[in-house]
Amino acid sequence: MREIWRIMKKVPQRSIKLSSLILLFIFIFCSLTYADNMLKVAVLPFQINSSENLDYLKKGILDMLTSRISVEGKVVVLENKLVSDVLSQINESPTTEEAIRKIGTQLGVDFIISGSLTKIGDSVSIDAKMFDLKEKKSVTSLFATSKGMDNVIPEVSEFALKANSRITGKPYSVYSSPHPPPLPTASEEASAFMSEFLVPKKGKGPSSDTGSEFVMSGDPLGLKKGFWKSQRLDFGIKGIAVGDVDGDGKKETVVIDKNSIYIYRYSEDRLALIKKIKGKKSDNYLSLDVADINKNGISEIFVTNLVDTRLDSFVIEFQKGDFVKIETGINYFFKVIETSKNGSMLLSQKAGLDGIFYGSVTQLVWKDNKYMEEKNIPLPKGAIVYGFNLIDVDKDGKEEIVLIDNYDNLKVFSNSGELMWKSDEIYGGTKNFLTKYPAGTKPVDSLEGLETRLYLQNRILLQNRKGENAVVVAKNIPGAGKLFERTRMYKNSEIYSFTWDGLGLSEDWRTKKIPGYVADFQIKDINNDGKDRLVVGIIQTSSDALFGSDKSYILVYELMN
């Protein structure tokens with residue numbers, strides 16, 4: 001030691017200082033280079049869609065993704081606080097790919113992950129995506145459904161490991177480090193996660209979950225357990241219909257938003273978009289229906305379109321390899337109903353000069369190569385073309401009129417117009433409306449608080465099962481916004497089925513609460529296996545819904561014939 005000190009004393013002090021500075025510079029340079037070479041990943045908080053409070057799931061999913069994706073010296077996941085700070089600066093949840101990429105750019109990461117978890121009853125679905133900020137493309141995705149929470153962690157874990165593989169370029173492995181300890185089995189891992197994150201906190205009480213997506217009332221005819229959930233749709237559904245619209249012998253799923261039509265085909269557990277038909281910015285699509293009214297083997301697409309106070313409805317059909325408008329500029333509100341006696345009927349009602357319903361509801365038929373009015377449909381006073389059906393509920397050979405009125409009451413009238421039954425509970429509920437303006441004014445005028453909104457009730461469906469004509473209706477459960485005429489907000493919803501018990505409509509079943517608003521629904525064969533299913537278009541709701549654009553998904557429930 002003394003020898004070393006003797007040698008150091010001979011070295012000039014200036015040289016020692018210079019050497020120290022060089023060593024410090026090298027250390028800093030290497031550290032920066034090391035940090036620059038690290039790939040950065042941000043994980044956005046998962047959106048939880050459930051009537052239950054499952055916010056504690058967010059932390060569990062984040063922790064698992066962080067531990068599975070991180071690789072020491074190569075991949076780092078940003079701290080949650082950094083992500084939260086950036087998210088707090090915007091007024092809406094980043095749900096579109098463009099918004100998610102923008103957040104990633106602000107965070108300065110290479111990859112960003114976003115996703116959602118939906119729980120309805122005992123069924124759970126997960127939808128997650130990871131985006132590469134440099135290559136401008138979605139890198140990897142996860143969409144899975146399961147019964148119960150036991151499979152949530154194995155699915156998230158597999159997604160994380162696949163994401164890690166895509167980030168690092170290494171082959172996919174069940175291990176995330178060179179010499180990992182054996183991983184627990186799926187059931188062990190799920191149990192550990194459940195005990196840490198999924199056990200209700202003290203005071204929450206036991207779960208009322210029965211393991212089915214339906215609440216039975218009386219004889220549970222017509223139901224099977226389980227549902228299928230589509231991928232998220234980055235727009236708000238306004239209407240949904242199912243039919244063979246391209247003449248290939250298979251049914252497609254048609255959806256509308258405010259001014260576009262989307263045509264999907266069920267394929268490999270997803271809805272594959274085969275055509276988007278974009279309308280004008282001034283268009284306001286109110287309703288959508290699909291039916292083969294002209295009997296040529298190809299279902300027409302009927303769209304009710306309102307431009308300001310003028311109806312500009314149209315009909316689309318598949319001809320010569322493309323979807324074309326065969327009728328335009330039509331002054332009709334359209335609605336197709338499936339009746340118990342006459343099958344599919346195309347109904348219509350005209351609009352007056354103010355864009356509001358005018359005259360009787362009529363049936364349209366195809367005659368002499370055009371749609372023509374054939375007969376009026378007698379309805380109770382105040383009824384319009386929306387929100388009713390003709391169903392022989394009491395099996396007397398005559399169709400009754402089943403409708404939901406302006407106060408959300410479900411009613412049954414005889415074919416002579418006599419009220420036979422009225423519900424004590426409210427059903428229906430809609431955010432789809434027309435605006436009635438004061439006489440002598442125009443929509444461009446400043447009329448805040450002066451115009452009247454006329455809400456258009458959702459459809460009423462017929463389900464024939466075991467000789468019974470069941471009435472199927474939606475119920476959107478109002479939040480505080482329902483207290484105000486101009487603003488309607490619905491956080492949850494349910495679908496109900498009724499049959500006639502001799503005195504009135506008696507509830508057979510209802511779905512468990514669905515997180516979101518039912519925009520439209522059908523009973524159709526969506527996946528071409530010969531079985532009709534309950535197909536429901538859901539708009540997701542969240543605390544920031546007033547600030548962001550709507551997002552949707554489609555739920556499909558199995559039914560028994």
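**Notebook: a buried aspartate, a helix and some strands**

I looked up D132 and found it buried yet without a salt bridge; R101, the nearest side chain of opposite charge, is 6.2 Å away. I note that this is a predicted model. A salt bridge would need a side-chain nitrogen of Lys or Arg within 4 Å of a carboxyl oxygen. D132 sits in strand 5, residues 123-132. What lies 2.9 Å from a polar atom of the D132 side chain? I found the backbone nitrogen of K134 there.

**Helix 3**

Next I checked the length of helix 3, residues 56-69. Its 14 residues should span 20 Å at 1.5 Å a residue. I get 21 Å between its end C-alpha atoms, which agrees. Then I asked which residues of helix 3 are buried. My list reads L57, G60, I61, L62, M64, L65, R68 and I69. I keep a general point beside it: an α-helix has 3.6 residues a turn, so residues three or four places apart point the same way.

**Strand 1 and its partners**

I followed strand 1, residues 39-43, to strand 3, residues 75-77. The two run parallel and are joined by three bridges. L39 stands opposite V75 in strand 3. I then turned to strand 4, residues 111-120, which also runs parallel to strand 1. Three bridges join this pair. Here A42 stands opposite I112 of strand 4.

I traced an open sheet of four strands in the order 9-10-11-12, with antiparallel pairing. Which strands stand at the edges? They are strand 9 (239-243) and strand 12 (270-278). Each has a single partner strand, so one side of each is left without a neighbour in the sheet. Neighbouring strands here are turned by 25 degrees against each other on average, direction ignored.

**N369**

Is N369 buried or exposed? It is exposed, with a relative accessible area of 66%. The cut-off for exposed is over 50%. I also checked N369 against N294. They are 75 residues apart in sequence, and their C-alpha atoms are 8.2 Å apart in space.

Terms used. Residues are numbered from 1 along each chain as its sequence is written. This is a predicted model: local features need pLDDT of at least 70, side-chain atom pairs count only at pLDDT 80 or more; totals for chains, interfaces and linings use all residues. Side-chain values use heavy atoms; hydrogens and water are left out. Two strands pair if DSSP finds at least two bridges between them. Axes are lines fitted to C-alpha atoms, for helices over the stretch in contact, and angles run from 0 to 180 degrees between N-to-C directions. Buried means under 20% relative accessible area, exposed over 50%, partly exposed in between (1.4 Å probe, protein chains only). Lys and Arg count as positive and Asp and Glu as negative; His and the chain ends are not counted. A polar contact is a pair of N or O atoms within 3.5 Å; within protein, one must be able to donate a hydrogen and the other to accept it, and residues adjacent in sequence count only if both atoms are side-chain atoms. The expected span of a helix is 1.5 Å times one less than its number of residues.
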